[in-house]
Amino acid sequence: MRIVFAGTPEVAVPSLQRLLASPDHEVVGVISRPDAVAGRGRKVSRSPVAALADAGDIEVITPRRMSDAEVAEALARWAPDVGAVVAYGGLIPPDVLGIPPHGWINLHFSVLPAWRGAAPVQAAIAAGDETTGASTFLLEKGLDTGPVYGVLTETIRPTDTSGELLGRLADAGSDLLVSTIDGIAAGALSPVPQPAEGISHAPKVGVDDARIRWTLPAHLLDRRIRAHTPAPGAWTTLGDARVKIGPVGVVAADDPTVPTELAPGRVVVTKKVVFVGTATSPVRLGWVQPPGKKQMPATDWARGARLGEETVLGEAVPS
């Protein structure tokens, strides 16, 4: 099969690697998001997918929109049999969807129809799901509504961050994508409509969504921080400064080493642990990243910041 691949971030790289290595298929072109400014040096850089395609001498286009004329021109030149989409980051209009004879196959990181949308892994962790997975489906006009070709499942571990879980799904999902295209090429695979029940949505996560609400119960706060790690990054405030917070440890309410009656956001520093109050039991901070600095253990941060007995993270709370 002649394949056009559309993808942008690191999570899409395993799928492109597997397709490039397949002896039965040829990646004839790649579509990725435009080069972007990134890093502390604010340098313009290629997306991970575009960089991989460059290294393999595969033609890449980076349109602002899939409706741009260069997309139709490239597809006419490449003459793909099928399109493969993994975390591209833009909508594919109906006229472009109809160009490859076998359509566009999307690898989505949930078991559809659960968590349709841009942030399925973050949503699954934040909701406390015990399992998730990945699905390959035929793109259509609706948002992640097309019929499904294949599914895999993955256990969500108690300490998983979205980055860790997404990494596992990206690797396993690359095999699912290739096997789906193999089945389509052999004429042995047909998509099945999604169930009408069990639909949930996972909209794009913004920076404000990642703000830590210390008034939440500890178990919910733990999930949300892990869901937003590493991107966009869970954060709180210390005075006027915005501080990033890594995954926390939920402690037992009856643990004698844990401060009691600690108000939400209130900080207590011991020799080995930094505790912060929540709506229920306190949590242990893991790593902290102050503005303009690297991540560091919470105890190192606390010593350097010279936190006082009345330190509160986030909005002020009553004593």
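D144 is buried, with a relative accessible area of 8%, where buried means under 20%, exposed over 50% and partly exposed in between (1.4 Å probe, protein chains only). Phi of D144 is near 55°, a positive value in a residue other than glycine. D144 lies in the loop between β8 (131-138) and β9 (148-155); helices (H or I, at least four residues) and strands (E, at least two) are DSSP runs, numbered from the N terminus. The model is predicted: local features need pLDDT of at least 70 and side-chain atom pairs count only at pLDDT 80 or more, whereas totals for chains, interfaces and linings use all residues. Residues are numbered from 1 along each chain as its sequence is written, and side-chain values use heavy atoms, with hydrogens and water left out.

A87 also has a positive phi, about 50°, although it is not a glycine. At 32% relative accessibility A87 counts as partly exposed, and its place is the loop between β6 (82-86) and α4. Most residues other than glycine have a negative phi, and most peptide bonds are trans. A cis peptide bond joins L112 and P113, with omega about 15°, and P113 lies in the loop between β7 and α5. The bond from T229 to P230 is cis as well, with omega near 10°; P230 is in the loop between α7 (218-227) and β10 (235-238).

The largest pocket has a volume of about 1,200 Å³. Of the 37 residues that line this pocket, A87, Y88, G89, G117 and A118 are the closest to its centre. On a 1 Å grid over the protein atoms alone, a pocket is an open set of points with protein on both sides within 12 Å along at least five of seven lines, a cavity is a set where a 1.4 Å probe fits but cannot get out, and lining residues have an atom within 4 Å of a point. Grid points are joined across faces, edges and corners, and a volume is the space filled by probe spheres set on the points. Domain 1 (2-202) and domain 2 (207-305), with bounds from an automatic or database domain assignment, both give residues to the lining of the largest pocket, so it lies between them.

One cavity of 30 Å³ or more was counted, and the largest cavity holds about 60 Å³ of space. Its lining includes D209, R211, R213, R224 and H228.

The protein chain has eight helices and 17 strands. Of its 319 residues, 47% count as buried.
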